[in-house]
Amino acid sequence: MTGFLETMFSPGSADMILTIGTIVVKIAILIGIVLLHVAYAPYFERKVIGHMQVRMGPMRVGPHGLLQPIADGLKLFFKEDIIPAQADKSIFYISPVICLFTAMSTLAVIPIFGGFVIANINIGILFVLAMSSLGAYGIVMSGWSSNSKYAFLGGLRSSAQVISYEIAMGLSLVGVIIMSGSLNLTDIVAAQEAYPLKSFIIPQIIGFFVFCVAAMAETNRTPFDLPEAESELVAGYFTEYSGMRFALFFLAEYIGMLLMCAIAAICFLGGWNGPFEVPYIPFFWLLVKVYAFMFIYYWVRATVPRYRYDQLMSLGWKLMIPLALFNVVLTGTIKMLR
Amino acid sequence: MRIITGMPGQYIPSDYLPILIFMMIATAFGLGTLVVCSIFRPRRTYAEKLTPYESGNPPIGEPRMRFSVKFYIIAMLFVVFDVEVVFLYPWAVVFDKIGLFAYVEMMLFIFILLVGYIYAWKKDAFTWD
């Protein structure tokens with residue numbers, strides 16, 4: 001503590017304040033961009049699914065429904081906040097904040113382009129996986145504290161699903177780490193430049209497949225949206241949440257989806273490297289890849305029906321984990337022989 | 001937060017300082033939204049509104065009921081297999097540097113794990129009925 005105080009009042013304290021100020025400004029810019037994206041991701045989703053079902057999607061609010069996200073946000077902001085009488089109040093209050101906290105903090109290690117990453121730590125992937133594990137706490141706590149049968153079942157299902165697919169996801173990334181020799185996400189992108197298409201997509205195709213399936217299960221998206229299967233569980237673990245608390249869960253879910261898309265683009269598709277350089281927009285190709293992946297999320301939602309819970313579990317444990325392990329052994333063997 | 005004060009007047013922040021700040025901002029954002037929102041939103045509650053949602057019927061029985069033992073088995077399997085993934089990570093990072101010895105060692109490790117995996121499969125730990 002004295003060391004900290006000495007630093008605070010040493011001549012270098014101006015440097016420290018400047019450094020912290022720069023970091024805060026960077027974080028504010030990143031959060032601003034991400035929130036803008038998250039506001040329009042559901043709009044994009046509704047438009048895509050609408051057109052796939054020969055509908056128009058949102059059209060009423062603003063030209064082509066472009067102001068719909070603002071209307072939705074305002075509505076949620078002014079909604080009454082209902083907390084069930086028998087709920088465990090403090091846990092009920094805190095769990096949406098935990099979900100949002102884990103999803104948002106992960107953004108710190110995601111590189112947007114060559115030099116722009118908020119925390120350039122050497123354990124990037126490990127941090128991402130650790131944070132997504134912590135996200136399960138928010139889900140379990142909300143399901144437990146609501147004191148509702150639907151929420152309880154949703155929370156149970158969700159936590160079992162998330163931890164099952166986390167193993168497959170962790171294993172699918174081991175192949176990428178063997179090939180790049182680093183856990184740092186910027187280094188992984190740099191390592192991909194030597195490979196065809198400037199990406200690991202061809203040598204790591206099995207890993208990419210496992211990662212895609214696991215990413216959909218991790219973010220509770222269709223066809224693995226059993227925790228919030230509306231035809232049987234109403235809304236799953238956030239059945240009892242309303243107004244802004246519900247909005248925080250929603251925000252966390254869409255930030256989680258965005259993160260999964262970004263990690264897929266960075267680890268398997270070559271990040272911000274593209275067929276040619278786009279002047280002035282260094283993050284152009286990353287954005288294109290993220291949006292393409294996002295589109296696939298929506299496409300799958302419009303195409304595939306929901307899995308049954310036993311099918312979901314046996315797919316995870318009996319197919320995805322052996323496949324990912326096989327990929328690890330295969331990548332290691334090929335790397336050893338060369 | 002690691003502060004290196006090697007030279008007087010020089011300040012070098014740790015790589016993890018931005019993460020700490022990011023976590024603080026994320027928490028403040030979540031809590032701040034709820035606090036600001038609590039000023040504006042209406043508060044018109046009555047007893048029926050505060051009952052747990054059960055399609056309009058009065059709730060019957062204890063909501064936190066007993067649940068399938070399968071969830072416990074999944075949780076235990078997760079602990080075993082996740083530790084294995086954690087062991088694979090450092091091996092994968094230094095794969096280039098340590099060569100054949102580590103490769104053989106790790107294949108042995110995966111083989112032993114596979115035996116356990118097949119045992120769990122044969123014991124029907126992965127089937128859900």
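First, the ground rules. Residues count from 1 along each chain as its sequence is written, and chains are lettered from A in the order in which they are written. In this predicted model local features need pLDDT of at least 70, side-chain atom pairs count only at pLDDT 80 or more, totals for chains, interfaces and linings use all residues, and side-chain values use heavy atoms, without hydrogens and water.

Let's start with the largest pocket. A pocket here is an open set of points on a 1 Å grid over the protein atoms alone, where a 1.4 Å probe fits, with protein on both sides within 12 Å along at least five of seven lines. The volume is the space filled by probe spheres set on the points. For the largest pocket, that is about 1,400 Å³.

Who lines it? The lining of the largest pocket has 46 residues; lining residues have an atom within 4 Å of a point. Nearest the centre are A:Pro42, A:Asp72, A:Phe246, A:Phe250 and A:Tyr254. Helices are DSSP runs of H or I, at least four residues, numbered from the N terminus. Chain A supplies at least two lining residues from each of α2 (13–52), α3 (68–77), α10 (243–267) and α11 (284–303), and so does α1 (17–40) of chain B. The largest share, 10 residues, is from α2(A). By class, the lining has 27 nonpolar, eight polar and 11 charged residues.

Now the second largest pocket. Its space is about 440 Å³. Of its 18 lining residues, A:Leu30, A:Ile33, A:Val34, A:Ile112 and A:Leu287 lie nearest the centre. Two or more lining residues come from each of α2, α10 and α11 of chain A. Again α2(A) gives the most, with five. The classes here are 17 nonpolar, one polar and no charged.

Terms used
Ala, Val, Leu, Ile, Met, Phe, Trp, Tyr, Cys and Pro count as nonpolar, Asp, Glu, Lys and Arg as charged, and the others, Gly among them, as polar.
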